Structure formats: C-alpha cells, structure tokens
Amino acid sequence: MSTDRERGILIAVEGIDGAGKTTQVGLLREALESVGEEVVTSKEPTNGIWGQKIRESASSGRLPLDEELEAFIQDRIEHVGEIVRPSLEAGKIVILDRYFYSTIAYQGSRGADTKSIDEKMRAFAPLPDVVYVLDVEPVAAIERIRVRDVTPNEFEKIENLSNVRRVFSELARIDSLICKIDGSGVIGSVHRAMLSHFLQGPLKPKRCAKIYGCDDPFHCGPRITGTCRWYEIVRTLSPSLLARDSPSRAGHPESLRAT
C-alpha cells in the first residue's frame, strides 16, 4: 500500500501574465474536489514578507536582478516549508499558480543564467509531477489584463512578456515534465485539455490500484470490483478517456492541446 507522501501530487500551472493560470487552477481544483480528492491551491509570489516585497516592486519598479532573484528564492523556501511539502506529505494534491519555472523564465528574460537558477531551485524545491504551461500571445495576454480593468505592471510589458514566453517555450522543449497547452482557446476547452492530460498521465500512477500499472485494463479485477480509485475518478470526470485506455497506451500520457 502506498504511503501518504507517495500519494501526494504536485501540479504547477505556468505561463505569462494574462495566460489564464488562476482561472484554470480554480477549475482543476473544483473538478478534483468533486470526486473527493483533498486539494490545496496556492500561489507565488505568496502573501508573505518576501512575496509582498516582490508584489510592491511590480508597481514601484522592478528590483535589481540579483535582489529580485533572492526575494523569489526566500519566498519559495518559506512556501515550500509551510505549505507545499507538508501538504504533499499528507497525500494531498497541490496545485500551484506559478512555481520555480516562473522564476527561471522571468529572471532568465532579464539575462540571468537559466541553468544556474534551475539548479538552485531543484536543490530545495520538490519537483512537480507535471507542469502545465499555458501558451498565449503577449498581445492577447495584455488585452485580458486590461479587460479586468487592471493597468499592466512592470512585469507585464509586451517586450518582457515576449521574452518570458520564449524562455517558457525553451523549457518545454527540454523538460519532459512540461505539458504545453494552447491557452488562447475558450476557458472550457483549456480546462478539458488540462484535466484529460492529468487524469491519463500524472494521476494514474498515484491512484491506480495496481502498483505495477494496468498491463491488461480490460481484465482488471480492481476495475471490475470498483476498488481502483483512478478508474472511479476517470469514470466520473471523463468517461471518454476510458475508451482510449489500452495496454499500448497505459503509462504513456499524450500531450494534449486545447482546441
């Protein structure tokens, strides 16, 4: 039987400002809570001392690169220690609205060495089970921000967002944990793409009744007896996925796109 820590799942939702991260975090949480999963959502920068310092700089002028990076690191150390790690150890699903991939992208866009930042982050921050990067054109992202009656801040200038988007795309190319999703579609389509990938991918090894996986899903005892947690979740949230679940695809999630 798996331990609580082995059942914990860490999801990071990333993308440039205006990509729709907060909306999608909320929808994913609602879906998973509707089937009885314990879900914790959080965001970075946090509302702690370091996070507030970063937020203030968005309107007063960005901090020098080294100082800004250090603020993000200290904010994340507190966040991981107080919320992320304890929640994972309790077997909960943790969904983050930004994580260390944002630090790599936003500081990298200013000229910081992305490899060095990546190494610093991985030294203390738990690796996510999956990272969803919502890809949106910067012009469209700015328009979304303005629709909310919010004036774009120092982090949300078009040139900066373009550079950040470029770094996210580079990360998606080399990091197997990243699933890049077209975030320009309607909210429901983006949500379905994320949910489908999560159910068929990261959730399966953490909730499947068979430790060794579904080598023969059509003759699976736990499915037949209703004792496979993963099967019951998928049957409730996305029955269409079960029709695509075959021995040849088990354990090999597709990288879905919103349409």
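Okay, quick ground rules. It's a prediction, so local features need pLDDT of at least 70 and side-chain atom pairs count only at pLDDT 80 or more, while totals for chains, interfaces and linings use all residues. Residues are numbered from 1 along each chain as its sequence is written, and side-chain values use heavy atoms, with hydrogens and water left out.

Let's start with the largest pocket. For us a pocket is an open set of points on a 1 Å grid over the protein atoms alone, with protein on both sides within 12 Å along at least five of seven lines, whereas a cavity is a set of points where a 1.4 Å probe fits but cannot get out; lining residues have an atom within 4 Å of a point.

Of its 32 lining residues, Asp 17, Gly 18, Lys 21, Thr 22 and Arg 98 are the closest to the centre. Elements giving two or more residues to that lining are α2 (21–33), α3, α4, α5 (100–108) and α9; these are DSSP runs numbered from the N terminus, helices being H or I with at least four residues and strands E with at least two. The most comes from α2, with 4 residues. By class, the lining splits into 11 nonpolar, 10 polar and 11 charged, where nonpolar is Ala, Val, Leu, Ile, Met, Phe, Trp, Tyr, Cys and Pro, charged is Asp, Glu, Lys and Arg, and polar is the others, Gly among them.

Now α9 itself. The helix runs over residues 187–200, and its 14 residues reach 20 Å from first C-alpha to last, close to the 20 Å expected at 1.5 Å a residue (that is, 1.5 Å times one less than the number of residues). Is α9 mostly enclosed or open? It's largely enclosed by the rest of the structure, because 11 of its 14 residues are buried, meaning under 20% relative accessible area; exposed is over 50% and partly exposed is in between, with a 1.4 Å probe and protein chains only. Those buried ones include His 191, Met 194, His 197 and Phe 198.

On to salt bridges: a Lys or Arg side-chain nitrogen within 4 Å of an Asp or Glu carboxyl oxygen. By that rule we count 15. One joins Glu 67 and Lys 53, 3.4 Å from N to O. Glu 67 sits in α4 (residues 65–89) and Lys 53 in α3 (residues 49–60), so the pair ties together parts 14 residues apart in sequence. Both ends are partly exposed, Glu 67 at 35% and Lys 53 at 31%.

Then there's Arg 122 with Asp 175, at 3.3 Å. Here Arg 122 is in α6 (residues 114–122) and Asp 175 in the loop between α8 and β5 (178–182), so parts 53 residues apart get tied together. Asp 175 is buried at 12%, whereas Arg 122 is partly exposed at 34%.
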